[in-house]
Amino acid sequence: MESLANEPKPLDVLILAAGLGTRMRSNLAKVLHRLDDRPLINHVCRTATALAPRKIYVVIGNQGEEVRKAVLTEVDEAHTEFVWQEKQLGTGDAVNAARPFLENEDSTLLILSGDVPMIRHETLAALVQLHHNHRGRGAACTILTVRLNDPTGYGRIVRDEGGLFLKIVEQKDADEQQADIREINAGIYCFDTKKLFSALSRVQNNNAQGEYYLTDVPELLRAVGEDIAIYQHRDPQEIEGVNNRAQLADLERQICRHTVSRLMLDYGVTFIDPKNAYVSEQAVIGRDTVIYPNVRIEGESVIGDGTTIRSGTRITNSRIGLSVEILDNCVIVDSHIGNQCTVGPFAHLRGKSVMEENAKVGNFVELKKTNLGRGSKANHLTYLGDATIGENTNIGAGTITCNFDGKQKHPTTIGNNVKIGSDTMLVAPVKVGDGAATGAGSVVTKDVDENSLVVGVPAKAIKKEN
Ligand code: UD1
Ligand code: CA
């Protein structure tokens, strides 16, 4: 059988992420700045991964070690190669750094910018498809473009009278007429890999920025008779680059607006003031849950149906059950709250704390790495750290687990149906048996037997029931 004439070449992806991003005015490399709680570079890597390329090459330089670490949280190491660009001499030089890996590959190379985080994989797939099918034989280079009302800052696409590609002119090199062009270069391209590297050797740096521009390559390829295709995309939001913090904030708002409206329209979540809530794209929220203004729901949080979250609360990487009531100004991190619990106002849960069904944590209560059993309550002014508390136990106001002796953390274990009196100090390690009670102001230094009452400083046993 004859093979298909136009069997597409294998796809590799190259992501440019070595620049510092001077316009961010930051000590942090631009691609490490966070959008929707993930570094910019991670957005691009996740999108690239969705295309299932043969390999992803990432050009790193500024804070390269940190960028490498960030990338490795997102991609499969076996299919990733890091390429060091020692000095940042421009986007053409950045691609050139990958020459030893790629110049002899008979492949298609998709080039992405680490600072263009909103691009969708469907758009990239369409770009690659046009690249392979252009005029029935494929192009040497296919450029993703878009028309903008305000093209300031982007490279302009210059076409001839027939509408065919002529060249890309950077903003800083554009004359007045070119500056008026509204079609811009998204910084995203497909190349025939061998043709790219052969033309790249001829790129010069005699331009306004004294840089080696990748954007000169298409013109050089055209000059030797190669086909340059243009994929003009309709959605300008996808190709927005982050060059400064105002653009970063714009994208943050865009993502959040999109997430919030999806939650309202598709998932039946109520937002009292949709413009003043932040919800991470990765969060899941159930039906008839009500979110008040100024709530932040971060990371991979999951919130059940019919829950209420009042103003000023932050929830990070936590699971919240059904019909939970979270009052104002709580901080809930890496924790789990069961169905029908009540939390706050001003409560702080962290370190994998768990509240089981119907438990209650009230004003100015902190739980660290603590399990509060079903129906148990800590209503006021309490610190519970490294504690395990049974069912239907009441922790009186002002109770503190003294879990740290200056060197080590120690556990506190409290049984079921216990009554801890107000202002009790539980000096860990310590255990309080089922049905026991402590008097107000007790300092408990020894284990308390089941069903006994202890009082005093340090607390001494005074009676034992039955
Ligand atoms: C680039 C394009 C411009 C396009 C715009 C789209 C060039 C010359 N210009 O401009 O036509 O409209 O993107 O967003 O390519 N980088 C390196 N090493 C370097 C320089 C840059 O890795 O030496 C990386 C940066 O980290 C960044 C990406 O390349 O992720 C783009 O660089 P940037 O300086 O932001 O280019 P723009 O001026 O935005
Ligand atoms: Ca840029």
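Colleague: Which backbone atoms does a ligand 1 oxygen come up against?

Modeller: A polar one of Gly90, at 2.9 Å, and a polar one of Asn185, at 2.6 Å. The protein covers 91% of the 760 Å² of accessible area that ligand 1 has on its own; such areas come from the Shrake-Rupley method with a 1.4 Å probe.

Colleague: Before we go on, where do the numbers come from?

Modeller: It's a predicted model: local features need pLDDT of at least 70, side-chain atom pairs count only at pLDDT 80 or more, and totals for chains, interfaces and linings use all residues. Residues are numbered from 1 along each chain as written, chains are lettered from A and ligands numbered from 1 in written order, and side-chain values use heavy atoms, leaving out hydrogens and water.

Colleague: OK. How many residues surround ligand 1?

Modeller: 24, with Leu16 and Glu170 among the closest; to count, a residue needs a heavy atom within 4 Å.

Colleague: New topic: is Ser353 buried or exposed?

Modeller: Buried, because its relative accessibility is 1% and buried means under 20% (1.4 Å probe, protein chains only).

Colleague: And what does its side chain contact?

Modeller: A polar atom of the Ser353 side chain lies 2.8 Å from the backbone oxygen of Arg350, and one lies 3.2 Å from the backbone oxygen of Leu367.

Note on methods. A polar contact is a pair of N or O atoms within 3.5 Å; within protein, one must be able to donate a hydrogen and the other to accept it, and residues adjacent in sequence count only if both atoms are side-chain atoms. Buried means under 20% relative accessible area, exposed over 50%, partly exposed in between (1.4 Å probe, protein chains only).
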